[in-house]
Amino acid sequence: MPESSGVREVKSAARTVALLELLAGRGDRPARLDELAAQLGVPRSSMYQLLQTLVDRGWVRADTTGSLYGIGIRALLTGTSYLDSDRHVRVVRPYLDEASDALGETIHLARLDGADVVYLATRESHEYARTLSRVGRRVPAHAGALGKALLAERPDSELSLPAQPLTALTENTHTESATLLADLAEVRERGYSIDREETVPGIAGFGFALRYDAPAVDAISCSVPVARLTGEHEARIVAVMREMRMKIESLLSPASGAPDWR
């Protein structure tokens, strides 16, 4: 049985978490009992009992036939509580509004989680609709402005990059470590990252690490359609986002007395 910090893992708890993460990762694609049992290597009878327990408690939902399962509303309540209790998120949110109002573009806050970044807050542009920037969305850190801004805060020797080739979200995503590391070197020199259609076709992004932690784990970014990205507008985006970063960092510091959850 795996151990962490000398504490033996509780098998039933680990199985429950693995099931919830699997269902959450499927989005709008519900799963059948046999499929879940096979993916997690759990006997069918044990999986059925676990599912029924979680359905009764609201963590999993079942369709009217009782044959399809998806993530339940309790997961939403817990996720909302995470955001509401996080001081960093509360402080940053007004500045996302300020940047979005100033630029007319979509502004994000995300956090590094392993090899991915997770979106914590988004302010949508009124000029165009986006469907991929929802809170809770995970994106490989190597594939966009937010993740590259955070990876660049760490020495190359400390980066744990996935096995090559790196996952490609578009034809412009870095798939080789060498090109990614060269890009990160430019990010460090420039002070912010640039994503030119690496995450979503037709969308560019500019990412800024928030250095109230060392190394930074949170970042903000501005997303803009490439069709609207003139040199003048890009310079304006960089100036406004740099200002937002300075304002946020001036309010948040390790000496603030708030719990350090990471």
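Two strands are taken to pair where DSSP finds at least two bridges between them, and the close-up views below apply this to a predicted model.

View 1. Strand β3 and strand β5 (residues 68-71) are paired in the antiparallel sense over two bridges, and the bridge partner of R32 in β5 is L68.

**View 2. Helix α5 and its two ends.** The 17 residues of helix α5 (residues 87-103) should span 24 Å at 1.5 Å a residue, and this agrees with the 25 Å between its end C-alpha atoms. The N-terminal end of α5 is capped by D86, of which a side-chain oxygen lies 2.9 Å from the backbone nitrogen of H88. Along its course α5 bends by about 25° at R93, and a proline, P94, follows within four residues. Just after the helix, G104 takes a positive phi of about 70°.

**View 3. The buried residues of α5.** Buried in this helix are H88, V89, V91, V92, Y95, L96, A99, S100 and L103. These buried residues pack against elements that include α4 (73-85), β6 (106-113) and β7 (116-123), with β10 (203-210), β11 (218-225) and α8 (231-251) also among their packing partners.

**View 4. The hairpin of β9 and β10.** Strand β9 (residues 193-196) runs antiparallel to β10 and is joined to β10 by four bridges, and I194 has F206 in β10 as its bridge partner. Six residues lie between the two strands of this hairpin, and E197 in the turn has a positive phi of about 60°.

View 5. T199 lies in the loop between β9 and β10 and, with a relative accessibility of 11%, counts as buried. The side chain of T199 reaches the backbone oxygen of A143 at 2.6 Å, while a polar contact of 3.0 Å joins the side chains of T199 and D195. Not counting residues up to four places away in sequence, T199 touches R137, V139, A143, G144, L169 and T170.

Note on methods. Residues numbered from 1 in each chain as written. Predicted model: local features only at pLDDT ≥ 70, side-chain atom pairs only at ≥ 80, totals over all residues. Heavy atoms only, no water. Expected span 1.5 Å × (residues − 1). Bend = angle between axes of the 7 residues up to and from the residue. Buried < 20%, exposed > 50% of the residue type's maximum accessible area, 1.4 Å probe, protein only. Contact = heavy atoms within 4.5 Å. Polar contact = N/O pair within 3.5 Å; in protein donor to acceptor, adjacent residues only side chain to side chain.
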